[in-house]
Amino acid sequence: METETKITLKNQPDVVVGALNACFFAKRGFNVHVFESREDIRKAKIVKGRSINLALSHRGRQALKHVGMEDKIISKGIPMHARMIHSLSGKQSPIPYGRKGQYILSVDRANLNKELLSEAETYPNTTLNFEHKLQDWSADTGLMTFSRSDGSKDQIHADLIVGCDGAFSATRKQFLRRSRFNYSQTYIPHGYMELTMPPVNGEFAMKPNYLHIWPRNTFMMIALPNLDKTFTCTLFMPFEDFEKITTGDEVIQFFQSYFPDTIPLIGVEALKKDYFRLPAQAMVSVKCSPYHIGDKCVLMGDAAHAVVPFYGQGMNAGFEDCIVFDELMEQFNEDFCAVLPEYTRVRVPDDHAIADLAMYNYVEMRAHVNSKWFLFRKYVDNVLHFFLPKTIIPLYTMVTFTRIPYHHAVERWHWQNKVINYGLLLSAVGAVLGGSYLLTKHSQQVNNLAVPAEKMWTRLKRKHRPVYSRTIQTCSVAPECNENSSGGEKRPIHKCAYILSWLTG
């Protein structure tokens, strides 16, 4: 029986997940109808919504590869091989993301939206519907009601509703009316503000193949490169700190105190203007379960698991939703009754894990990267990974460069930390005990060494000790220092009577 899949999108940047999902379902032969509350972004003069650059990594690339879009998207991305840490003094220190050749991609959000919508539209069994806002839907019948910009309403029936409509999902409202649905949302006390760093003489103002970070413990700024040679700078800071800055001069004073190297690159006037262009924006983390209702509806992307942006995994997790669902469709022969419950069982632990990791990574980015212990542990992890690539895998590598399930990566990370910390502790204890044992066992030899050492030290002191030799000499430098004695000979006064000489043995 032919099945229609309705993908509902609501005024959120999560359109990328919905458009990609449309490609997955269309490839399987389903009739797909995509609904977006906004106008077509490809025709819009002004694109509304967030503009934080997206970081594309392995999980997202695998999903794009499945629908033949990987090469097209990465060709318009900029590789970032490492974090570039900017200290207060202006010193720059790179911290590689992984092994040589491993990198993440900085991609433009608006361009990615446009490319995926255009790709979805190439399938003859896909219909894109813009300016359709979801008003209500029935989990029993699959009937959906949309309002249009002209005030009219459309009612459409679907066999499966896939809600990819963002953190404030209209689709999810029906889930909240049902019993045994768990839901939580958390606003972090920090907001974000975007600034633009223009090119310098037509080139990037900083090295382009890095994610630049200015960590300042309780807040930070990052910068990602764009294809037009600009950098999108994002300042993350507690809201109360944003609110303390009320004038342009205070903006410059703040940047002079914490980000002095960026002022000439952004520009004083541009900095004053950009800072007050928009107020600081909030960031929310959403967790819920289950992700499905019967065999009629399923949530994906931010609608199921909105995360803060500090691990660069929001989009990648949403794209992985698509490929996981497709793999389950293959496994269960497209039986929605089996696929949807299994999807919830598989994805909920993973998505909750990446939500927690994203919170943790904010602390790492703004504070831990300044710690010598953190840098030392990262070095140890990388060395062990080099020699034991299948046994020890750094957390960032598991999350960013593999498809190891997120919650398995966290469990393995905790285990590795225990093993490595115990190993370092035992090594330190072993070194102390070994040194003590050698000193005890060879105490006589140590004592025997003490006498020659004393003699050597005495000889060195005697050899290099300054000795004053008494010399009768006329001062030729300062004749006034000379005076005649009663016997007629010249006798130098005390300033010239002793000449410092070093004995050489």
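Modeller: Glu-131 is partly exposed, at a relative accessible area of 37%; buried means under 20%, exposed over 50%, and partly exposed in between, with a 1.4 Å probe and protein chains only. Bear in mind that this is a predicted model, where local features need pLDDT of at least 70 and side-chain atom pairs pLDDT 80 or more, while totals for chains, interfaces and linings use all residues. Numbering starts from 1 along each chain as its sequence is written, and side-chain values use heavy atoms, without hydrogens or water.

Glu-131 sits in the loop between β8 (126-130) and β9 (132-137); here helices (H or I, at least four residues) and strands (E, at least two) are DSSP runs, numbered from the N terminus. Although Glu-131 is not a glycine, its phi is positive, about 55°. Most residues other than glycine have a negative phi, and most peptide bonds are trans. Asn-333 also has a positive phi of about 55° without being a glycine. Asn-333 is in the loop between α11 and α12, and at 68% relative accessibility it counts as exposed. As for the peptide bonds, the one from Ser-289 to Pro-290 is cis, with omega near 0°, and Pro-290 belongs to the loop between β18 (284-289) and β19 (292-293).

Helix α12 (residues 336-366) leads us to a sheet: the helix lies across β5, β14, β15 (210-215), β16 (220-225) and β17 (231-238), at about 95° to β16. Such angles run from 0 to 180 degrees between N-to-C directions of lines fitted to C-alpha atoms, for helices over the stretch in contact, and contact means heavy atoms within 4.5 Å. The sheet is open, with six strands in the order β6-β5-β15-β16-β17-β14 and mixed pairing, two strands being paired if DSSP finds at least two bridges between them. At its edges are β6 (92-96) and β14 (190-197), each pairing on one side only, and the twist averages 25° from one strand to the next.

Another place worth a look is His-305, in helix α10 (residues 302-305). At 2% relative accessibility, His-305 is buried. Its side chain makes a polar contact of 2.6 Å with that of Asp-321; this means a pair of N or O atoms within 3.5 Å, within protein one able to donate a hydrogen and the other to accept it, with residues adjacent in sequence counting only if both atoms are side-chain atoms. Beyond four places in sequence, the residues in contact with His-305 include Tyr-291, Gly-318 and Asp-351.

Finally, the whole protein: 17 helices and 24 strands, with buried residues making up 48% of its 505 residues. Among contacts between residues at least 6 apart in sequence, 72% join residues at least 24 apart.
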